[in-house]
Amino acid sequence: MRKILWIIAVIWLLVSCGQSYEETKRLSREQRLRLAREDSAALKIAVMPTLDCLPIFIAKDHQMFDTAVDIRLKRFTAQMDCDTALMRGRVEGSVTDIVRAERIKKLADSLTYFTATNAYWLLISNRQARITQLKHLDDKMLAMTRYSVTDLLGDLAVDSAKLKPERVFRIQVNDVNVRLKMLENNEMDALLLTEPQATQALLQKHKVILDTRKEDIQMGAIVFRTKGMDDKNRKKQLDVFLKGYNEACDSLNHYGVHKYRDVIKKYYTVSRQTLDALPDSLKFNHAVAPRQKDIERAQQWLSKK
């Protein structure tokens with residue numbers, strides 16, 4: 001009798017475990033579907049560890065976006081990955097540069113400019129390479145990203161110094177942190193960086209040989225996909241994003257970058273010395289369309305490629 005009861009108990013246990021496993025699979029599947037639906041409905045922005053993204057990080061972390069609206073940040077370290085996410089519809093918006101935006105538009109993806117940003121780029125030479133002028137780039141390696149503002153600036157440097165294009169070796173390094181690390185490890189002669197990576201490079205006594213601010217080039221931008229953005233829920237999300245973005249810019253301009261050390265530590269891989277050295281004079285403008293002359297410069301350059 002005991003043996004029969006024991007067998008029944010074991011069978012009951014096995015059946016219960018089977019039901020539990022099937023139930024777990026069903027719940028897991030339902031949870032995945034629910035999370036996918038929520039992610040699809042959210043306003044998703046591709047961001048980078050660059051300082052033009054700081055207002056977005058601040059607005060998100062300091063609850064400047066209406067919490068009733070789901071705004072999600074998708075973090076990347078290479079602009080190419082941001083572009084891929086944008087073109088495949090995995091995000092609605094992205095922080096980018098005008099050259100990249102115009103190229104995506106050229107590839108038949110419709111984009112709308114949300115705002116220009118205050119991003120600037122520095123062409124920085126390795127102090128050990130003894131490059132103090134653009135003409136010294138001859139027979140040197142320059143890290144950049146194809147079809148981006150850094151590619152355009154590479155051409156500008158070559159043309160300004162009247163060098164033969166084939167004499168400056170363009171090395172594609174998409175990840176901004178890897179690009180900086182290559183400079184720090186003396187694996188690259190020169191490269192193009194924006195903030196905060198530029199400040200970290202300058203603290204190590206590397207040299208600036210081209211600055212987009214002196215060239216009157218403003219190529220930073222935030223864009224959104226046009227497709228599907230006329231939906232009333234998307235419009236509401238964009239309104240909330242705009243309000244929070246502008247509020248974060250106002251706060252940055254009032255308190256300065258160093259007020260938000262907590263946000264910078266969270267989202268940026270920079271040393272404490274770099275954090276202390278970041279220019280507190282940086283100004284972040286409310287959302288405003290890019291200048292037409294910058295768009296035209298990008299279009300003209302792309303037409304030659």
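The dialogue below takes up several of these terms in turn.

Modeller: This is a predicted model, in which local features need pLDDT of at least 70 and side-chain atom pairs count only at pLDDT 80 or more, while totals for chains, interfaces and linings use all residues. Residues are numbered from 1 along each chain as its sequence is written, and side-chain values use heavy atoms, with hydrogens and water left out.

Biologist: Why does valine 149 count as buried?

Modeller: Buried means under 20% relative accessible area, exposed over 50%, and partly exposed in between, with a 1.4 Å probe and protein chains only. Valine 149 has 1% relative accessibility, and therefore counts as buried.

Biologist: Which residues are in contact with valine 149, leaving aside its neighbours within four places in sequence?

Modeller: They are Asp97, Val99, Trp121 and Met219; contact means heavy atoms within 4.5 Å. Aspartate 97 is 52 residues from valine 149 in sequence, yet their C-alpha atoms are 6.4 Å apart.

Biologist: What makes aspartate 97 a cap of H4?

Modeller: One of its side-chain oxygens lies 3.0 Å from the backbone nitrogen of valine 99, at the N-terminal end of H4. A polar contact is a pair of N or O atoms within 3.5 Å; within protein, one must be able to donate a hydrogen and the other to accept it, and residues adjacent in sequence count only if both atoms are side-chain atoms.

Biologist: What covers the buried residues of H4?

Modeller: The cover includes H5 and strand E3 (93–97). Helices (H or I, at least four residues) and strands (E, at least two) are DSSP runs, numbered from the N terminus. Valine 149 itself lies in H5, residues 149–160.
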